[in-house]
Amino acid sequence: MLGTLWRLLFRRIAGVRGSGGTEPRRAEVLISADLSVNRERIGSAFGNSPDLVTRDLWTGARGRISALVIHIDGLVDKRLLAEAVVERITGLQLEWTDPAQAYEDLKTRLLASSGVEEVDTLGEFIGGIARGDAGVLVDGVAKGLVCALRGWEQRSVEEPTTESTVRGSKEGFVEALRTNTSLLRRRIMSPQLWIEEVTIGRITRTRVAIAYIAGVVNEDIVEEVRNRLKRIDVDAIHESGNIEEFIEDAPLSPFPTIARTERPDRVAGALTDGRVAILTDGTPFVLIVPATFTMFLTSSEDYYERYFAGSAIRLLRIAAFFISLTLPALYVAVTTFHQEMLPTPLVLGIAAQREGIPFPAVVEALLMEFAFETLREAGIRLPRVVGQAVSIIGALVVGDAAIRAGLASPAMVMVVAFTGIASFATPVFSLAVAARLLRFVMTVLGGALGLFGVAMGMFALLTHLTCLRSFGVPYLEPLAPLVLSDLKDALVRVPWWAMGRRPEFTGKKAPMRQAPGLKPRPPSPEREEVHRLLDTEGVR
Amino acid sequence: MREVEGGKISGRQLAALLVLTRAMAVTMTFPTAAAVKPPQDIWIVTLLGTLVSVLFVLLVARLGLRSPDKTIIEQAELLLGKYLGKLVGIILVWYWMSVACGAARELGEAYTVAIMPETPVLVFMVATVFLAANAARNGLEVVGRMGESILWVVLFFAALVLVLPYDQMRFKNLAPVLARGFRPLMLPTGTVVSFFLEFIILGMILPYLARPRDATRYSVHAVLASGLVMTWFAVALVAVFGPALPDLVMPAFSLSRMISIANFFERIEAVTMAAWTLSCVIKLALFLWGCAVGLAQVFGVSRYQSLVYPLGAMTVALGILSFESNPALQRFLRFEVFGVYSLIITVGTTAVLYLAAFFRSRLPLGRGLRR
């Protein structure tokens, strides 16, 4: 019922979408044999923008053949352009007498870029130039050549800022799609790593790559990803977040059903589990589907540290998630309705602190939560230098002055601050945000109905989470439905030698990921003997 | 006829649902406690009742497996003909509804008695029934998964309550065993069995099992597991409270009150109460689902989802109107009322269906009518 209401509301807000695009149909126009016509058309297609560089060249016997090199300044590797294209056209090609011969020569042997593509429509030619390739036209030939010479300024591969780890690779994705796919290839050397590419966005024409490991991945999931990407028909894709909202399973849920990361090692790990990665040009954030709830509470470090540490930290993180979701609600519920649950001295202490506070506990909690969230947001958006000032002021205002002014009790400040810190322990921002939002709802429930309200809130949340799916995989997968073999990597992480099976839902096609019996053992005399024999026979 | 419900659940989820329904949902008030005359024998009663109930559940499962793709309501229609079958279907739906009413009221009463005396019982009933209906609307699959995940939380808190008052337990309270022989234990055993009779809902779940053959095994396991938990509860209750047991309104709740470790870990009853609430809501969800799907099948409605919220509203209304007060509710839950009531309905229905099946397979007429 609620869902229907939401849908109705959203349809009103979104409005009925008009059909048809504004895209001029340039694709059918063929390249003309007349160079000046082509130049005219290309120039007008780009609105004669100053960064469109057209270079006329004369070549052939007595310089009778006219050629045109077009590219966009800044998107092309200039040194390569000069060496591999311009020099090849102009450099003493005296034997050329007619344009067709010159064109053939250029296409087959002279142009020295790694990829040369022949196109005959103007649309494709212009598209190539807009993507950062260089176009070559010869007067009298109704075809064009697009040379792959892309080279632009880009950020170098750095340590990712959002997911830093103590142990593990320090590489992070960058904005360029090709660099990102190469980072993946560097980690997965097998040709089984298959990458598909689609272009999305009528205006931005953003390239989006789908990566998966053939033979491991479930083809139905890949097909589903393809179909969902194909449906997207929008003007612009600026970030993988745009794509995420178009393809996610639960668009009205506060919970993310698609994981994202900027760490190549994390993507590689997900791919070998049988998941699918979606890389978007222009952003370091890569999407991973299908995603389950527990994936949002793991960090890649869990897998690199020894399993005791990894498991303990993961449990801590899960506890922190629940704290960030419910602690203020529990505090409000207990202090308002169930004082008997606290030890008597503590109750007396809290009551004394709350002596002069003019609000009920729930209002106090909401007020402090609001102040805290505002401070946090201000601290993130401001320049770093000012940010520190904000946090100092914030600490004074929220921490000290609020108490002295009698607006909040010290216990409440502690609860709110600890909740805030706990929410930083959630490794994935999108899940932390969901908890932050729902915390307010929980607090109100706790203030209205006590622990009963909190239990009801948790039940509603559980119903919601149980209903969610991500690309066919239940969101709470190893927990509900209970999949015993997947519990090895949910709340705790078992040692690697015990990780025999891939996740049940995504890795069905190749269920075993390693040989059995890899648990290290002390060398026994018999085994030593076997090894020695194998060694001498040259088997190993 | 179109599939009214499309989901499938596993045998383990079935067992989780049944255990939550039986072992947890009524334990907080432990209605048998008042009925057993030598109170120290309550655990024997629980154990006996469980063993008898296994027989009943086996009967229901066998009946269901006669045609594993039909719910008990569809079967009734096949076996008894259109009108009589629909009548049996309505009776069963009514019975599940009254179970749901009792559970909802029980939950509300527990809260008003123990934790928030000033809040009207309606608040708790509306909130829980709404959430249960919301879960039921999402299908058996969702309810099953939730049951599976909640079971561990609830069992954890049950274990806490059962183990932590260890310093208060006097096991000599259990003596004398069978002081007056088996005779006075007969009727209370009936009470225990009467609560297990709710498991006739198994006939509703069975066709939605991924492997219907699992039904027998997992439901028997569920009965035994819930019986064991309840026996354990009974032993702990007797050991802690001894002869004072029959005077307690909510024995299990009082038991969780007794927990006190190092003067710090104490008075956790609100937390156990919250965990117990979760299991109660699952029970409500399961029975509301059963009512809605059953009703949809009786009247040939293609989507049961639209029936869930109205049935939920009726549950709340009936739960409020049927019982004047908590003592009235407790009187209702005694063997003399609820026990006889559910015995007649469930055992009666099962017997009638078995008889019909027997004659259908014997008489040539029956064979022709069977699809």
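User: How much area is buried between chain B and chain A, and what share of it do carbon and sulfur atoms give?
Analyst: Happy to start there, keeping in mind that this is a predicted model. Putting chain B and chain A together buries about 2,700 Å². On the chain B side, B:L131, B:R145 and B:R267 lose the most area, together 22% of what that side buries. As for the area between the two chains, the share from carbon and sulfur atoms is 73%.

User: Which helices of chain B each supply at least two residues of the side that touches chain A?
Analyst: The contact involves 33 residues of chain B and 27 residues of chain A. By class, the chain B side has 19 nonpolar, six polar and eight charged residues. The helices that each supply at least two of the residues on this side are α1 (11-24), α6 (121-137), α7 (140-163) and α12 (269-299) of chain B.

User: How many salt bridges does the rule find across the interface of chain B and chain A?
Analyst: Charged residues are present on the chain B side, eight of them. Two residue pairs are in polar contact between the chains, both at pLDDT 80 or more. For salt bridges across this interface, the count is zero.

User: Is helix α9 of chain A mostly covered or mostly uncovered, and how many of its residues are buried?
Analyst: This helix spans residues 264-272 of chain A and is mostly covered. Its buried residues include A:P264, A:D265 and A:R266, along with A:A270 and A:L271. Just after the helix, A:G274 takes a positive phi of about 100°. The buried count for α9 of chain A is seven of nine residues.

Definitions and conventions
Residues are numbered from 1 along each chain as its sequence is written. Chains are lettered from A and ligands numbered from 1 in the order in which they are written. This is a predicted model: local features need pLDDT of at least 70, side-chain atom pairs count only at pLDDT 80 or more; totals for chains, interfaces and linings use all residues. Side-chain values use heavy atoms; hydrogens and water are left out. Buried means under 20% relative accessible area, exposed over 50%, partly exposed in between (1.4 Å probe, protein chains only). Helices (H or I, at least four residues) and strands (E, at least two) are DSSP runs, numbered from the N terminus. Contact means heavy atoms within 4.5 Å. Buried area is the accessible area (1.4 Å probe) that two parts lose on being put together, summed over both. A salt bridge is a side-chain nitrogen of Lys or Arg within 4 Å of a carboxyl oxygen of Asp or Glu. A polar contact is a pair of N or O atoms within 3.5 Å; within protein, one must be able to donate a hydrogen and the other to accept it, and residues adjacent in sequence count only if both atoms are side-chain atoms. Ala, Val, Leu, Ile, Met, Phe, Trp, Tyr, Cys and Pro count as nonpolar, Asp, Glu, Lys and Arg as charged, and the others, Gly among them, as polar.
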